[in-house]
Amino acid sequence: MKLQKATYCALYSVLELARDPEVQLSATDIAEKYNISANHLAKVLRDLGRAGLVESVRGAGGGYRFSGNLKRTTLYDVIHLFEDVGGENERNRDAQADTDIGNALNLVLTEIDEIAIATLGSVTIGTLLKTMRWRTEREQREAQNA
Amino acid sequence: MAFRKETQIDGAVCVIRDADEKDLASVTDLHAYNTGQHKPDYWNETYHRYGDSNEGFFYVCEIDGTFAGFIIGEIRAWEFGSEPCGWVYTIGVNPEVRLKQVGTRLFETVSEQFSKAGVGQIRTMLHRKDNLNLSFFRSQGMMGGPYIELEMPLD
């Protein structure tokens, strides 16, 4: 599965900010870390702000911080703001649903889409950050035992 | 010997223990509440298969003495190249105590028993639109595995 550039920018921003909801980061901080355009990122952050996932903090040391719900916001919620994940409209354009072959192809493609949506819709931001920490801790334990 | 583990959740006493026959009404009611399906005969059979035999693990959780949830698991042998694994047959948590670690404690308990039994993987199967349970199991660290469920109608 390949995501659009704006979607990656959104996921990097949300996850980086949600890693520590007390911390404020500027668009430049995030852009430099992930080697992406600060201008492009600024637009993405505005979209995330409108969706209530980040908020901007004015003044000295200002920037952006995570304002979503770690236990409720899923990867799908973020991705869906920027692109269609397995959208039926797009799929209908791909295969002619009024033909038997198009219909059969749509069944298979719908299966894939539904699995993608179920996967992305069941991984919350909190879960992804937690499993990242667990993976790091496991790797450290394995390195110590090696 | 009957299993019983006592811990604390937010100052309340959390007991996880082997299910007994007296829990069946609570399990049946909770399952009916969560799924809309009232199946006392099914739960009676399930109890006799897992709860009062050595076929698997059937635990209930009580918070301050009140029924809060249950979990059932078993060790399953597999074909198609898989080693035996720990299988979570089902889990249910009273909606009034959701997000209070009841599911996590039950899952951890059954995982410990699987580890003690010598298996290295834990698996379960859910409907892909069951977002509540999918999110719960993912929050425990579970991910999509290498096996894919396939099915077809027999008509």
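**View 1. The open sheet of chain B.** In this predicted model, chain B holds an open sheet of 6 strands in the order 1-2-3-4-5-6, with mixed pairing, where strands are DSSP runs of E of at least two residues, numbered from the N terminus, and two of them pair if DSSP finds at least two bridges between them. Strand 1 (4–9) and strand 6 (122–123) of chain B stand at the edges with a single partner strand each, so one side of each is left without a neighbour in the sheet.

**View 2. Strands 2 and 3 of chain B.** Strand 2 (residues 12–18) of chain B runs antiparallel to strand 3 of chain B, joined by 5 bridges, and B:Arg17 stands opposite B:Val60 in strand 3 of chain B.

View 3. Strand 3 (residues 57–63) and strand 4 (residues 66–76) of chain B pair in the antiparallel sense over 7 bridges, with B:Phe58 opposite B:Ile72 in strand 4 of chain B. Their hairpin has 2 residues between the strands, and B:Asp64 takes a positive phi near 50 degrees there. Strand 4 of chain B is also joined by 8 bridges to strand 5 (residues 85–93) of chain B, and these two run antiparallel; B:Arg76 has B:Cys85 in strand 5 of chain B as its bridge partner.

**Numbering and confidence.** Residues are numbered from 1 along each chain as its sequence is written, while chains are lettered from A and ligands numbered from 1 in the order in which they are written. Local features need pLDDT of at least 70 and side-chain atom pairs count only at pLDDT 80 or more, whereas totals for chains, interfaces and linings use all residues.

Terms used. Helices (H or I, at least four residues) and strands (E, at least two) are DSSP runs, numbered from the N terminus.
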